[in-house]
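This report is for a reader who is meeting the structure for the first time.

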Amino acid sequence: MKTRKLLMIPGPTPVARSIQDQMGRETVAFGDPAFVKDFKELIEDLKVMFKCSGEVFVLAGSGTMGMEAAIANVTKKGDDVLVVSNGFFGDRFIDICSRKGLNVDVLSAEWGDTVPVEKIREKLKEKKYAAMTVTHVDTSTGVCAPVAEIGEMMKEFPETIYIVDGVCATAGEPEYVDDMNIDILFTGSQKAFGVAPGLTMIWANQKALERRKSLGTIPESYVDFEKWIPIMHDPSKYYATPAVNLVWALKESVRIMKEEGLENRYERHKKYAKAMQSALEALGFKLLAKEGCRAVTLSNLVYPEGTDDAKFRGLLAEEGIMVAGGLGPYAGKMFRLGHMGNIDKHDLVSVIATVERAAYRAGMNVELGKGVAIVQKSLVE
Ligand code: PMP
């Protein structure tokens with residue numbers, strides 16, 4: 001009999017049955033009054049839950065589209081932009097901004113570390129930046145940036161739009177747009193929301209919306225906030241076809257979150273991350289992210305010397321879990337394990353046991369049950 005494969009890459013994450021059911025519903029017209037009502041409620045919920053007094057956009061597209069949308073709406077050719085990068089996805093902004101003809105300055109951290117807030121402050125003093133991007137959790141490194149602390153510091157730079165990439169963080173790591181002084185936050189449906197890939201959610205505060213207005217007509221059309229504001233206020237209107245079934249799926253994901261409570265969800269992510277990370281370290285893997293800046297949504301695990309990446313991940317797949325490989329300088333040297341979204345205790349115990357079996361079969365010196373015991377203890381503490 002085939003072993004079921006648990007999807008433990010850092011997105012897409014496992015999709016709960018009730019969310020899948022929404023995707024399997026018979027599709028209706030986007031103008032259908034019941035759908036319009038559902039969409040409206042969803043937008044309102046997203047505003048309230050993530051404390052955004054501005055606008056929320058739910059658009060068909062992936063996280064990269066959120067990156068492009070954020071830049072498109074607050075900058076114009078020739079503007080200076082500061083990219084704060086803690087890895088591969090932070091760097092992606094460099095390409096997006098360069099293509100738009102922006103002047104890009106980059107502050108990069110060593111992989112596994114985060115750029116210190118003081119360094120960002122010093123850089124921002126150098127010139128008038130139109131925008132600054134920060135990746136909350138860079139999926140390539142498992143590093144979590146101090147977005148609230150940076151937001152506080154950004155009060156000293158009111159002319160700079162503070163953009164936060166929440167693709168691997170939102171709904172797993174605390175993020176409150178108004179409270180954290182974030183101007184634009186965006187995420188994708190496939191990570192801590194636990195929906196299939198295909199939607200981008202963007203939160204924009206008044207400052208970002210005013211900047212958008214001040215730009216007049218922008219070169220981009222599909223990601224233009226001004227095109228979508230009337231639709232987000234009244235989804236019976238048309239600009240471009242919404243992903244009807246994914247909107248329903250997202251609504252179900254939000255219902256699950258409300259039932260759990262966002263604060264409880266953040267606590268659960270913290271608890272699960274601690275359990276998994278201590279167990280994986282005890283098995284001989286090394287966390288790439290330094291202590292003090294580790295994400296709770298995923299773990300990036302550097303192999304012990306001599307481990308064959310392809311063989312190990314192949315064995316993991318055989319034993320029943322899918323994980324992701326390392327990126328950039330860590331390709332072949334690390335695997336990435338997601339533990340975000342709608343996963344539960346069953347998943348954690350099962351995943352750590354599977355890692356043990358694969359590590360054992362790969363010839364690593366592991367004591368079967370050692371990681372499981374640590375996870376078990378953490379779960380009853
Ligand atoms: N930002 C971060 C932090 C990500 O992890 C990813 C995807 N892994 C992206 C942006 C790009 O998102 P997508 O692949 O959905 O376009």
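## A buried threonine and other single residues

Thr135 counts as buried, because its relative accessibility is 2%. The model in which this value was computed is a predicted one. Thr135 belongs to strand β5, which covers residues 131-135. Leaving out residues up to four places away in sequence, Thr135 touches Val84, Asn86, Phe89, Gly90, Ala145 and Asp165.

Leu215 sits in the loop between α7 (206-214) and α8. Apart from neighbours within four places in sequence, Leu215 is in contact with Ala72, Asn73, Val74, Thr75 and Lys76.

Lys47 is part of helix α2. Is Lys47 buried or exposed? Its relative accessible area is 17%, so Lys47 is buried, the cut-off for that class being under 20%. Not counting residues up to four places away in sequence, Lys47 touches Cys52, Gly54, Glu55, Val56 and Trp203.

| Residue pair | Apart in sequence | C-alpha to C-alpha |
|---|---|---|
| Lys47 and Met23 | 24 residues | 23 Å |
| Leu215 and Val355 | 140 residues | 51 Å |

## Helix α2

Helix α2 runs over residues 33-49 and has 17 residues. From the first C-alpha to the last, helix α2 reaches 24 Å, close to the 24 Å expected at 1.5 Å a residue. At the N-terminal end, Asp32 caps the helix. A side-chain oxygen of Asp32 lies 2.9 Å from the backbone nitrogen of Ala34. Just after α2, Lys51 takes a positive phi of about 45 degrees.

Which residues of α2 are buried? They are Phe35, Val36, Asp38, Phe39, Leu42, Ile43, Asp45, Leu46, Lys47 and Met49.

## The contact between the domains

The domain assignment of the protein gives domain 1 as 6-12 + 261-380 and domain 2 as 17-259. The C-alpha centres of domain 1 and domain 2 are 28 Å apart. To the contact, domain 1 gives 28 residues and domain 2 gives 34 residues.

The size of an interface is often given as the accessible area lost when the parts come together. Between them, domain 1 and domain 2 bury about 2300 Å², with 60% of this area on carbon and sulfur atoms. On the side of domain 1, the residues that lose the most area to domain 2 are Leu262, Tyr266 and Cys293, together 23% of what that side buries.

How many salt bridges are counted between domain 1 and domain 2? The count is one. Asp113 and Lys290 meet through their side chains in a salt bridge, at 3.0 Å from N to O. The count of residue pairs in polar contact between domain 1 and domain 2 is 16, with both residues at pLDDT 80 or more.

Several elements of domain 1 take part in this contact. α10, β12 (298-302) and β15 (334-338) each supply at least two residues of the side of domain 1 that touches domain 2. The largest share of that side, five residues, comes from α10.

How values were computed
Residues numbered from 1 in each chain as written. Predicted model: local features only at pLDDT ≥ 70, side-chain atom pairs only at ≥ 80, totals over all residues. Heavy atoms only, no water. Helix = DSSP H or I, 4+ residues; strand = E, 2+ residues; numbered from the N terminus. Expected span 1.5 Å × (residues − 1). Buried < 20%, exposed > 50% of the residue type's maximum accessible area, 1.4 Å probe, protein only. Polar contact = N/O pair within 3.5 Å; in protein donor to acceptor, adjacent residues only side chain to side chain. Domains from an automatic or database assignment. Contact = heavy atoms within 4.5 Å. Buried area = accessible area lost by both parts, 1.4 Å probe. Salt bridge = Lys/Arg side-chain N within 4 Å of Asp/Glu carboxyl O.
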